[in-house]
Amino acid sequence: MTIAAKEQISTESTITVAPQSGYTGAEISGVDLSEELSDQVIAEIRQALLQWKVVFFRDQTIGHAEQIAFARRFGKVTPAHPYEENPPEGFPEILPIDSRRYGTQYGRKRTSYDSSWHTDVTALINPPAFSILRADILPPYGGDTAWTNLVAAYENLPAEVRAFADVLDAEHTFENRATQGSARAAVIDGKPLRTYHPVVRVHPETGERALFVSPGFTRKTKTVRNLGPRLSSHLLDALWEEATRTEYTVRFRWAPGSVAFWDNRATAHLAIPDAGHLGYDRVLYRVTIEGDVLRGVDGRLSESLEGEAFLGA
């Protein structure tokens, strides 16, 4: 946490933070996201977020405008997505996570764009710092989301493995999963995103080190700089197996009015693919906050191979 944020917090907390697992996730109560929150409340939410990596709010009654306004208290809000062409009218910052759209885009019912573990849009040179997801339409059961704590995963690796991972870079690519020949596939193919990121990043606010090996974006090439494809694949798989050990994760059951807010620099998440076959709609809305260029343990920065920085306003 920044010194300024610490100074804004009084000795008496104005919110309640209830941890949801040993390493990851906390539920925050005593906050109405439809209201204009004080600087102290925002600082306390940020403190909880930095500590627990993802925080949850229940029973909120907010729409697109309130979600965006809340996000702006934490940084510059980006456009919905590098490849999003149809956000809700008047709200270019909103990305619909909408099972009804995916049926058209992919030719089959699914409840999320990516049903693998991932950190949001890591193919960018500056992936989002934070993401905020709001539930709208939900199946009566199924469709949960899980998060894992990439700082805890790194810190619990053997020292020798940490030292080896500290100096590696992995290629992150936006893989085109749209139906080939479709307009969306053409858009993605026309604006490729590829970046070499440090396998271990230094968190710009806390100074913590986190594994940064998102399978959703390293799956296509499985390339670690200066290592061959076979060794790269085995290494990334091994690191990811460690990163998603059950004890580092938390699973969130969505309900009407639920909001999840996560630190995209220190987590990965999984939209659990257990509801697509049920025939129910699942609609959530996401906003993202502009991130920084990753910095490795030795100070080296990420290297863009294709694509531009993703900036907010």
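Buried here means under 20% relative accessible area, exposed means over 50%, and partly exposed lies in between, with a 1.4 Å probe and protein chains only.

The model is predicted, so local features need a pLDDT of at least 70 and side-chain atom pairs count only at pLDDT 80 or more, while totals for chains, interfaces and linings use all residues. Residues are numbered from 1 along each chain as its sequence is written, and side-chain values use heavy atoms, with hydrogens and water left out.

Strand β5 has two partners to consider. Five bridges join β5 to β12 (residues 259–263), and the two run antiparallel; L133 stands opposite A260 in β12. Seven bridges join β5 to β14 (residues 283–289), again antiparallel, and there R134 has Y285 as its bridge partner. Two strands are taken to pair if DSSP finds at least two bridges between them. As a general point, strands of a sheet pair through backbone hydrogen bonds, either parallel or antiparallel.

Next, an open sheet. Its three strands follow the order β11-β6-β13, with antiparallel pairing. Strands β11 (249–252) and β13 (267–271) stand at the edges with a single partner strand each, so one side of each is left without a neighbour in the sheet. From one strand to the next, the twist averages 20°; axes are lines fitted to C-alpha atoms, for helices over the stretch in contact, and angles run from 0 to 180 degrees between N-to-C directions. Five bridges hold the antiparallel pairing of β6 (residues 145–149) with β13, and in β13 the bridge partner of A146 is L270.

Is S116 buried or exposed? At 14% relative accessibility, S116 counts as buried. With R219, the side chain of S116 makes a polar contact of 3.2 Å. A polar contact is a pair of N or O atoms within 3.5 Å; within protein, one must be able to donate a hydrogen and the other to accept it, and residues adjacent in sequence count only if both atoms are side-chain atoms.

I turn to T218, which is found in helix α8. T218 counts as buried, at 4% relative accessibility. A polar atom of its side chain lies 2.9 Å from the backbone oxygen of S214. Not counting residues up to four places away in sequence, T218 touches E171, H172, V213 and L236.

H172 leads us to strand β8 (residues 194–198), where the bridge partner of H172 is T195. Strand β7 (residues 169–173) is joined to β8 by five bridges, and the two run antiparallel. On β8, four of five residues are buried. Strand β8 also pairs with β15 (residues 303–306) in the antiparallel sense, over three bridges; T195 has S304 as its bridge partner in β15.

Helix α2 (residues 39–52) comes next. How far apart should its ends be? At 1.5 Å a residue, its 14 residues should span 20 Å, and the end C-alpha atoms are 20 Å apart, which agrees. The expected span is 1.5 Å times one less than the number of residues. Eleven of the 14 residues of α2 are buried, so this helix is largely enclosed by the rest of the structure; among them are I42, E44, R46 and W52.

Now to some backbone angles. Most residues other than glycine have a negative phi. Just after α2, K53 takes a positive phi of about 75°. D59 has a phi near 55°; D59 lies in the loop between β3 (54–57) and α3 (64–72) and is exposed, with a relative accessible area of 66%. K222 has a phi near 45°; its place is in the loop between α8 (215–218) and α9 (229–243), and at 23% relative accessibility K222 counts as partly exposed.

Finally, confidence. The chain averages a pLDDT of 91, and 90% of the residues score at least 70. Over residues 1–11 the pLDDT is below 50, and this stretch has 16 contacts in the model beyond near neighbours in sequence. The pLDDT is the predictor's confidence in each residue, from 0 to 100.

Note on methods. Contact = heavy atoms within 4.5 Å.
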